[in-house]
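Student: I have a structure open on my screen and would like to understand the words used to describe it. Could you take me through them?

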Amino acid sequence: MTASIVNCQQITKRYGDKHALDELNVSIPENKIVGILGPNGSGKSTFFRMITGLVKPDSGEIEVLGKRPGSGINREIAYLPDRARWYPNHTVAGAFEWAEKLLPGFDIANAKELADFMEMKRDMRVSGMSRGQEARLMLILCMARNVPLIILDEPFSGIDVISRERIIEGMIDYLSDRDQTILISTHEIYEVEGMFDYAIFLNQGKAILSGDTEELRAQYGSMHDIFRQFYRYGKGGF
Ligand SMILES: Nc1ncnc2c1ncn2[C@@H]1O[C@H](COP(=O)(O)OP(=O)(O)OP(=O)(O)O)[C@@H](O)[C@H]1O
């Protein structure tokens, strides 16, 4: 049986009378690339913040890497938040040097390999970067870390479709022989779904469908089709 890297039982998180997570039950298998999918406001970012210990559940139990989330395990997690910003005066090379000193598990050789693939010049300064270029830098800083869990919240937003396809191909290649679990939330399901081994669909803070993408495809169709049918026509479609 596959071990799980994140285990949630009946997790609830409320903001006022709004449920960001509502008795969420999720078990995420390790060493997979996992799509965390759902419409705006379905709880994806809150779920990620909970895994990293930034948000505490009101009730329920969560285990990450066999422990409670928080500072004790954050060395083992690379997290790209949805609204990441970088220091404007850094160059790409400067950011890598900073990361090598401060980010646990950061491998500068991996970062350079990814930067070449993503066509990031080392002397490019953050202040002169487009949104898509900055998104690539943030992605590299996370992906280049040798940690068991990588969390990418909307990593492709702002990256044009051609670059996105190239980046995704590169990520699949780069990740193929690594023992890491990657959680990715995205609204670009159509282009990205080829990289997912496993998918979890959230709606109103609950997991409404999850499983190996191969099995889900055989049963329901592509992740993109599932998404459209599910959220457009409601759960009755299944
Ligand atoms: N700090 C907060 N204060 C108040 N409400 C919040 C807060 N964080 C999240 N929420 C609410 O919780 C719900 C889930 O938000 P969350 O950001 O987790 O959704 P999401 O699936 O990541 O959305 P998106 O796809 O738009 O990024 C939303 O209704 C949101 O308004």
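**Around the ligand**

Tutor: Helix α1 gives the most to the shell around the ligand, with 3 residues. Please keep in mind that this is a predicted model, where local features need pLDDT of at least 70, side-chain atom pairs count only at pLDDT 80 or more, and totals for chains, interfaces and linings use all residues. Residues are numbered from 1 along each chain as its sequence is written, and side-chain values use heavy atoms, with hydrogens and water left out.

Student: Which residues surround the ligand?

Tutor: Among them are Tyr15, Lys18, Asn40, Lys44, Ser45 and His187. A residue is near a molecule if one of its heavy atoms lies within 4 Å of it.

Student: Why are Phe96 and Phe106 called a tilted pair?

Tutor: Their centres are 6.2 Å apart, with 45° between the planes. Rings of Phe, Tyr and Trp (its six-membered ring) pair if their centres lie within 6.5 Å; planes under 30 degrees apart count as stacked, over 60 as edge-to-face and the rest as tilted, so this pair is tilted. Phe96 belongs to helix α2 and Phe106 to the loop between α2 and α3, 10 residues apart. A search of the whole structure finds 2 aromatic pairs.

Student: What places the charged end of Arg166 over the ring of Phe117?

Tutor: The charged end of Arg166 is 4.5 Å from the ring centre of Phe117. The rule asks for NZ of Lys or CZ of Arg within 6 Å of the ring centre and within 35 degrees of the ring normal. Lys13 likewise lies over the face of Tyr15, at 5.2 Å from the ring centre.

**A buried threonine**

Student: Why is Thr12 called buried?

Tutor: Thr12 has 4% relative accessibility. Buried means under 20% relative accessible area, exposed over 50%, and partly exposed in between (1.4 Å probe, protein chains only), so Thr12 is buried. Thr12 is found in strand β1 (residues 4-15).

Definitions and conventions: Helices (H or I, at least four residues) and strands (E, at least two) are DSSP runs, numbered from the N terminus.
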